[in-house]
Amino acid sequence: MAKSFDVICVGAGPAGSLAALKLARAGKSVCLLERGSRPGEKNMFGGLLHHTPVLNELIPDFAGHAPLERHVYQKTLAFLTDESAVSLTFESGSFDRAPFNGFTVFRPAFDGWLAAEAERAGALLLTDCTAENLIIKDGQVSGVTVKGREGELHAHIVIAADGVLSLLAKQAGLRGDLRPAATGLGIKLLLGLPEEVINERFGLVRDQGADISFVGATGGMRGGAFLYTNRAGLSVGLVVHLDSLTASGKPPYEVLDEFLAHPQVRKLVKGAVPLEYSAHLIPEGGYKAMPRLYGDGLMLAGDAAGLCYTNGINLEGINLAMTSGVLAAETAIAAIEAGDYSARFLSLYKKKLDASFVIKDMKTFKNAAGMMHRENIFKKYPRVLANIMERLYRVDGRPRSRLLRLVRREVLRQVGLKDIIADGIKIGRSLL
Amino acid sequence: MNIEALTQLAQFEVDDRAHIVVDKDICRTCDHRACVDACPANCYTWDEATRLLSIVYETCLECGTCYCVCDKGALDWGYPRGGYGVRYRLT
């Protein structure tokens with residue numbers, strides 16, 4: 001196996017497949033390399049495919065063809081303590097009509113479909129191929145060696161969409177090792193539950209879906225838990241910072257077990273049948289932890305480029321990945337037409353990303369990664385909220401306090417003045 | 001659910017070549033062995049009696065947690081050869 005292409009996209013995930021699709025449509029020869037025996041079989045995420053304009057532009061009727069589960073209609077943020085839950089739910093007719101804000105999907109199904117679209121456009125999909133080494137000639141990346149179906153593949157440009165661990169980006173010297181403090185571990189249990197039970201339990205009809213984020217459900221570790229409804233099942237799981245996980249000395253699946261046994265969670269998953277268990281890392285360092293995005297003959301896209309952020313309310317990655325894949329493809333098309341594959345030319349990719357919502361959002365929330373390291377958010381504030389709610393509603397013959405006094409007393413007792421100021425500054429700098 | 005039952009829910013195409021190899025000498029002197037508890041598939045076991053760290057790569061979910069938390073350079077870590085390893089069907 002030794003072949004030459006204009007571009008090799010490593011990884012048939014959302015970034016790689018959409019890059020390959022864009023390149024193939026422009027008439028460029030493109031090879032889409034996938035280490036699984038089918039695209040998507042190595043891929044996992046919480047469950048929500050966000051509305052992504054570039055996907056709709058390239059495949060205008062995508063929602064009519066892609067294997068989607070439910071559109072997310074109901075968003076809930078819930079704070080848990082041992083026996084309480086304080087929740088805020090947003091439901092609106094505006095989330096119940098096109099353009100839908102997001103869909104729950106299964107990655108083996110969705111990624112498989114997207115890679116097939118790239119193939120249909122003319123990309124060559126090679127499965128069972130793990131890209132092992134970059135081929136570098138005179139300082140210029142000019143292909144990859146493959147482990148699986150052994151051999152070499154050559155190209156003018158390599159788009160490394162090889163995921164969060166991107167061994168290729170590391171080899172190229174564009175980034176160092178992932179830091180545990182800037183990396184999240186996501187684990188997920190897929191549960192089967194009849195469609196009508198889900199609709200009744202979550203108050204949904206037709207294809208409406210629910211998305212619940214939980215804070216305070218990770219055994220004191222920095223992180224959160226999630227629940228998404230699929231058509232006939234639930235995706236439940238958690239994300240924790242790796243440094244926080246190792247400091248706890250507790251296996252992640254035990255934390256998941258405890259979460260599922262929480263009284264307010266147990267009733268949501270009651271009667272559900274375990275179908276599949278999965279795990280994946282998430283680049284959670286935000287803007288400040290991003291690698292260099294390009295080199296001579298090489299561009300990084302998706303998780304490989306560290307394009308992911310969370311600010312406690314939004315958790316976005318797949319939409320950033322697909323957008324970066326398309327922008328990398330646009331840059332590659334321009335480079336091929338100019339016959340210039342140098343890092344200097346490929347800096348156009350960075351300019352395109354900077355001008356898009358991708359880097360703008362990553363910059364807007366560049367301080368959020370720091371905020372997510374404030375332990376109190378996960379350990380103490382859920383308790384503060386629960387105690388306030390309990391005092392508000394509890395009728396016990398004791399004289400009541402006005403709200404401000406109640407809040408002040410609870411915060412000072414649980415958190416302390418010094419911490420509340422420090423947390424306030426961090427949260428303020430991140431979100432306000 | 002216990003972890004054995006959880007990992008059995010996934011499908012694996014097991015390669016006879018291990019994609020992760022541990023340096024048992026380095027692991028013997030490690031002061032934290034974070035891989036043992038952090039691995040979401042419970043692939044690592046530390047035997048205090050023999051002072052040996054062992055790995056079952058066959059049920060590895062290829063997430064990279066061990067690679068990330070090992071700060072001793074004890075892991076020769078790579079992805080499995082193309083076509084081998086975990087095969088998610090639904091997730």
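Predicted model: local features only at pLDDT ≥ 70, side-chain atom pairs only at ≥ 80, totals over all residues.
1. On the α1(A) side the contact is made by A:P14, A:A15, A:G16, A:L18, A:A19, A:K22 and A:L23, while α10(A) contributes A:I318, A:A321, A:M322, A:S324, A:G325, A:V326, A:A328, A:A329, A:E330, A:A332 and A:I333. Sorted by class, the contact of α1(A) with α10(A) has 13 nonpolar residues, together with three polar and two charged ones.

2. The helix α1(A), which spans residues 14–25, also meets α4(A), and here the axes come within 8 Å and cross at roughly 20 degrees. Since angles under 35 degrees count as roughly parallel, α1(A) and α4(A) are therefore described as roughly parallel to each other. The crossing in which α1(A) passes α4(A) is left-handed. From α1(A) the residues involved are A:P14, A:S17, A:L18, A:A20, A:L21 and A:A24, and from α4(A) they are A:D111, A:L114, A:A115, A:E117 and A:A118; by class, this contact of α1(A) with α4(A) has eight nonpolar, one polar and two charged residues.

3. Which residues of the largest nonpolar core touch the most other members? They are A:A19 and A:I159, in a core of 161 residues, to which α10(A), the helix of residues 318–338, gives the most, with 10 residues. Leaving aside residues up to four places away in sequence, A:A19 touches A:C9, A:I159, A:A161, A:A301, A:G325, A:V326, A:A328 and A:A329. As general background, nonpolar side chains tend to be buried together in soluble globular proteins.

4. Turning to the contact between chains, 40 residues of chain A are in contact with 30 residues of chain B. On the side of chain A that touches chain B, at least two residues each are supplied by α4 (107–120), β8 (129–137), β9 (140–148), β11 (183–192), α7 (242–248), α8 (252–261) and β15 (273–283) of chain A, and the largest share, eight residues, comes from β15(A). The residues on this side of chain A divide into 21 nonpolar, eight polar and 11 charged.

Note on methods. Residues numbered from 1 in each chain as written. Chains lettered and ligands numbered in written order. Contact = placed C-beta atoms within 7 Å. Helix = DSSP H or I, 4+ residues; strand = E, 2+ residues; numbered from the N terminus. Nonpolar A, V, L, I, M, F, W, Y, C, P; charged D, E, K, R; others polar. Axes fitted to C-alpha atoms, helices over the stretch in contact; angles between N-to-C directions. Parallel < 35°, antiparallel > 145°, perpendicular 65-115°, else oblique. Left-handed = near helix turned anticlockwise from the far one by under 90°. Core = buried A, V, L, I, M, F, W, Y, C linked by C-beta atoms within 7 Å. Buried ≥ 20, exposed ≤ 12 C-beta atoms within 10 Å, placed from the backbone.
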